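Morning, everyone. Please bring up the model on your screens. I'll take you through a few contacts, one at a time.

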Amino acid sequence: MITGEIKNRIDTIWDAFWTGGITNSITILEQMTYLFFMKMLDDAQRTKEASAAVFGVKVKDPTFKEGTWHNPDTDRDVPYDELRWNTFKNMEIDTMYRTISRDAFAFIKNLNDGKESAYSRFMANATFLIQNPRTLEKIVRNIDDLDMNNRDTMGDVYEYVLGKMAASGNNGQFRTPRHIIRMMVELMQPTVNDTICDPAMGSAGFIVESAKYVQEHHKNELLKQDNAQHYKNSMLHGFDTDATMLRIGAMNLMLHGVDNPDVKYQDSLSTDNTDENRYTLCLANPPFTGSLDYEAVSKNLLAITKTKKTELLFLALFVRMLQTGGRCASIVPDGVLFGNSKGHKSIRQEIIDNHRLQAVISMPSGVFKPYAGVSTAILIFTKTGAGGTDKVWFYDMKADGFSLDDKRNPVAENDIPDIVARYHNLDAENDRTRKDQSFFVPVDEIRANDYDLSINKYKEVEKVKVEYEAPEVVLGRIETLQAEINAALTEFKQKFL
């Protein structure tokens with residue numbers, strides 16, 4: 001867990017950016033990420049150097065070599081030692097600023113052969129925006145005590161920073177609430193054998209949480225070389241069309257111990273994405289709105305659902321990308337559940353009739369506040385290519401552990417543990433009734449209702465008979481009260497007027 005001291009340090013860094021004139025939360029996180037990366041490179045090499053010194057050998061594949069590095073931006077040679085965090089952090093303020101902004105930043109931008117990290121592959125268009133030397137010095141001083149080799153702590157640090165990005169009210173749409181991500185991962189229970197993808201990854205929350213789940217629940221299996229190699233190099237995949245979010249997401253993964261994930265710039269809905277029958281698990285919160293280049297949309301997605309709505313096209317994409325037997329858990333806006341357009345009906349029919357829809361978890365509209373009040377749900381299905389939907393489990397989530405207003409303060413009411421427990425013991429749900437918070441609906445009934453998946457279509461609301469007094473009784477009571485009021489007024493006038 002992140003300590004109060006570290007939180008205070010991150011808050012101080014955040015405030016330093018604001019006082020230095022950088023107020024956009026995405027920009028703050030991006031600039032902070034660059035400095036995290038500089039320190040991470042040096043901390044990693046210092047650890048290697050300490051180990052090499054014990055055995056009396058040279059460091060293998062050092063990031064900072066002996067001699068000088070040629071800066072292509074300035075056409076000058078710079079000693080590798082000056083590019084290291086533990087050197088420039090001790091420089092005079094103006095010298096440190098010139099070294100970081102001119103040389104160290106150019107150095108990490110040119111680590112582009114893909115060997116150092118996935119993060120370095122997205123640095124081509126990066127820009128260093130900290131303009132004030134004193135602001136930079138304050139930020140460096142507060143980052144300096146963070147141990148970049150402690151991936152557990154740094155993972156918590158980064159999640160806290162992402163939380164601040166969302167809390168700032170700017171660009172919060174990039175971040176699905178962490179507890180909702182964790183719930184979805186716990187519902188799907190990824191293993192070391194999975195190949196996991198989020199084709200709209202943002203800050204990589206679903207991929208990071210999947211990695212953490214595997215680390216926590218499959219420690220012994222990860223000791224095997226094949227599993228460890230799969231975990232590091234071929235288990236986790238993510239795409240996005242925002243280079244900034246790719247940098248942030250790649251750093252997020254690195255700080256959680258995933259050094260070489262397959263994350264790349266790609267429009268997942270376009271013909272550029274040729275992935276088919278590849279993944280065993282898709283987890284995502286795809287965009288509900290935004291621009292769409294309809295002409296570039298992959299034709300085999302339109303064959304499943306002819307629409308311009310991204311939320312429907314992403315569901316078609318999951319069907320295409322998954323292997324037979326592959327699973328998907330995706331957040332969708334409520335309109336997907338009951339929309340009556342041809343596109344809405346065709347994607348619901350595709351999943352229900354040709355694959356196996358297992359669950360619809362309806363979430364309250366406050367889950368994404370204060371950024372949006374849209375009602376959403378989680379669809380869980382398995383790709384079979386041969387049907388298999390017999391009954392669908394519905395759950396009406398009413399509370400997620402936080403108030404459903406704009407403040408989103410912690411509260412005691414929380415359905416998430418119940419959702420996870422019930423989903424993993426569905427046999428016990430057969431006796432539940434439509435009056436309960438969760439229940440099964442036979443697929444034939446869903447088909448008869450035009451494939452409508454809104455829980456209100458099937459939920460039975462228990463009506464309580466309320467008996468009111470007869471009108472003459474109510475009228476008599478009113479007349480009595482009026483008489484008492486008139487008597488009081490008469491008495492008042494006699495005494496005081």
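Start with aspartate 262 and arginine 278. They form a salt bridge, with the closest N and O atoms 3.8 Å apart. Aspartate 262 sits in strand 5, residues 262–265, and arginine 278 in the loop between strand 5 and strand 6 (279–284), so the pair ties together parts 16 residues apart in sequence. Arginine 278 is partly exposed, with a relative accessible area of 31%. One caution before we move on: this is a predicted model.

How many salt bridges does a search of the whole structure find? The count is 26. The general idea is simple. Side chains of opposite charge can pair when their charged atoms come close.

Next, glutamate 30. Its partner in a salt bridge is arginine 247, and the closest N and O atoms are 2.4 Å apart. Which parts does this pair tie together? Glutamate 30 belongs to helix 2, residues 25–55, and arginine 247 to helix 11, residues 243–254, so the link joins parts that are 217 residues apart in sequence. Are these two residues buried or exposed? Glutamate 30 is buried, and arginine 247 is buried too.

Now compare glutamate 469 and arginine 477. Their side chains meet in a salt bridge, at 2.9 Å from N to O. Glutamate 469 has 45% relative accessibility, so it counts as partly exposed. Arginine 477 comes in at 42%, so arginine 477 counts as partly exposed as well.

There is also a network. Salt bridges link Asp418, Arg422, Glu429 and Arg432.

On to helices. Two packed helices are described by the angle between their axes and the distance between the axes. Take helix 4, residues 93–109, and helix 5, residues 133–143. Their axes come within 9 Å and cross at roughly 85°. That angle falls between 65 and 115 degrees, which means helix 4 is roughly perpendicular to helix 5.

Which residues meet there? From helix 4, we have Ile93, Asp94, Met96, Tyr97 and Ile100. From helix 5, we have Pro133, Arg134, Leu136, Glu137 and Val140. The residues of this contact divide into 7 nonpolar, 3 charged and no polar.

Last stop: strands. What is the bridge partner of tyrosine 395 in strand 13? That is serine 438. Strand 13 covers residues 438–442 and is mostly covered itself, with 4 of its 5 residues buried.

That's the tour. Over to you.

Methods: Residues are numbered from 1 along each chain as its sequence is written. This is a predicted model: local features need pLDDT of at least 70, side-chain atom pairs count only at pLDDT 80 or more; totals for chains, interfaces and linings use all residues. Side-chain values use heavy atoms; hydrogens and water are left out. Axes are lines fitted to C-alpha atoms, for helices over the stretch in contact, and angles run from 0 to 180 degrees between N-to-C directions. Helices (H or I, at least four residues) and strands (E, at least two) are DSSP runs, numbered from the N terminus. Angles under 35 degrees count as roughly parallel, over 145 as roughly antiparallel, 65 to 115 as roughly perpendicular and the rest as oblique. Contact means heavy atoms within 4.5 Å. Ala, Val, Leu, Ile, Met, Phe, Trp, Tyr, Cys and Pro count as nonpolar, Asp, Glu, Lys and Arg as charged, and the others, Gly among them, as polar. Buried means under 20% relative accessible area, exposed over 50%, partly exposed in between (1.4 Å probe, protein chains only). Two strands pair if DSSP finds at least two bridges between them. A salt bridge is a side-chain nitrogen of Lys or Arg within 4 Å of a carboxyl oxygen of Asp or Glu.
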